[in-house]
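Work through the exercises below with the sequence and the coordinates open. Each task is followed by a solution in steps.

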Amino acid sequence: MKKKSLLAVVVVCAALFLAGVVPVYAADEKYAAISGDTVVLSHVLIVDKTATTVHDAKFTFSVAGSDAKATGDPVYLAKGPNGATITESLTYSDGDVASASADENSGRKAVKKEIAVNFANVKFTDVGIYRYAVTQSLDTGSHIELDDHSTRYIDIAVVDGGDDKLKIDSVVVRTAPGIAASKSDRFTNAFTANTLTVVMHVTGNQSSPHKYFKVNVKLTKNDVETPITDTALINVSGPDSGLFSLTSATSYGVDAINDANSIATITCQELAQGHVFYLRDDQSLVLTDIPAGYGYSVTEVSEDYNPAVTAVGDSDYVKKSDVHVIDDRLTSHTTITFINTRQADVSTGVMLAVAVPGLLLLTGVVGTAVILSRKRKGRQ
């Protein structure tokens, strides 16, 4: 009997203890979870104002919670919960570049697109700062200089908005982890390419503006041991094609000139083998979208003209003579100008040979006129 009474006392005490504990835990209520919004980042590709292609560049993107921290970050900064999604990829095409507006002051133009980072499926359950990392990668494309920071960090600050409800107080995008890092919501990449222009001028009283001169252009690079296999396209414009006839001043055939000048594009690999163009007075050969890192060799055949050449733009060339310029690295827009002169002084002996008989003839005519005039006067 005593044992049953003792057991009953223990059960009652345990029940009272539990009754006292349960209300304490029940009072620790949780916040109702909230979701985030869509954060839009800019993605920019910078090209030269004359560029017409980017060789179909494709960028891919990823997003994930990040536990990266820097000095000065608060202790309550945490890795963002799972569930964020992002625009998977962006592709830049020749059409994007062709339609972009150029900035005449900078000599460049920008193609702009957007990346959507969606936090609709993320559940924030308490106050804090939640960090995410957005990373870009170049999937396809050549000769593109990537942003100095290929990762952007998104910090989402969740606070108690009153009435025990959470709210998102701010969203900040930075180039590096740390609240002191620079704010930037834009990836800026650049397609680095240059333009090479070859200009032909003739001068002198024995020069013909209708004469076509042969010009050989070749793409080069520092590592001469390794052949250029790059199939990126270089755009070609300027030279005549579709000719039907030539004057006697040109020593080349119509077919040879038409075949050489009729191309609109040429690959880096093809130009590395060298290509001949034909130019006459005041014509220009313009090669645009030459990828950064390549050099060039330009040589003309001046025939019986006295040649000279100038280089403006990238003047740090390896070698220059009267008929060619060689540069192992094209670093800016460059114009090579060939000036071909053929001048002949008219001989003074020829002029006298013509002038003396003419003077005698004039003297005879005048003398005859005087004689006839005197005869008329004598008859009167």
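**Exercise 1. The open sheet**

What is the strand order of the open sheet of 6 strands?

Solution. Two conventions come before the steps. The model is predicted, so local features need pLDDT of at least 70 and side-chain atom pairs count only at pLDDT 80 or more, while totals for chains, interfaces and linings use all residues. Residues are numbered from 1 along each chain as its sequence is written, and side-chain values use heavy atoms, with hydrogens and water left out.

Step 1. Strands (E, at least two residues) and helices (H or I, at least four) are DSSP runs numbered from the N terminus. Two strands count as paired if DSSP finds at least two bridges between them.

Step 2. The order reads 16-15-18-13-23-20, and the pairing is mixed.

Step 3. The edges are strand 16 (265-267) and strand 20 (306-312); each has a single partner strand, so one side of each lacks a neighbour in the sheet.

Step 4. On average, neighbouring strands of this sheet are turned by 20° against each other, direction ignored. The axes behind this angle are lines fitted to C-alpha atoms, for helices over the stretch in contact, and angles run from 0 to 180 degrees between N-to-C directions.

**Exercise 2. Pairing of strand 13**

Solution. 

Step 1. Strand 13 and strand 18 (residues 283-291) run antiparallel and are joined by 7 bridges. V198 has L285 of strand 18 as its bridge partner.

Step 2. With strand 23, strand 13 runs parallel, over 8 bridges. Here H201 lies opposite I339.

Step 3. Strand 23 (residues 334-341) also pairs with strand 20, in the antiparallel sense over 7 bridges; A311 faces I336 of strand 23.

Step 4. Buried means under 20% relative accessible area, exposed over 50%, and partly exposed in between (1.4 Å probe, protein chains only).

Step 5. T197 belongs to strand 13 (residues 193-203). T197 counts as buried because its relative accessible area is 15%. Apart from neighbours within four places in sequence, its contacts (heavy atoms within 4.5 Å) are S284, L285, V286, T334, T335 and I336.

**Exercise 3. The largest pocket**

Solution. 

Step 1. The lining includes K218, L219, T220, D223 and Q269.

Step 2. Strand 14 (residues 213-220) gives the largest share, 3 residues.

Step 3. By class, the lining has 5 nonpolar, 4 polar and 3 charged residues.

Step 4. The volume is about 180 Å³.

Technical notes:
1 Å grid on protein atoms, 1.4 Å probe; cavity = no way out; pocket = protein on both sides within 12 Å on 5 of 7 lines; lining within 4 Å. Points joined across faces, edges and corners; volume = space filled by probe spheres on them. Nonpolar A, V, L, I, M, F, W, Y, C, P; charged D, E, K, R; others polar.
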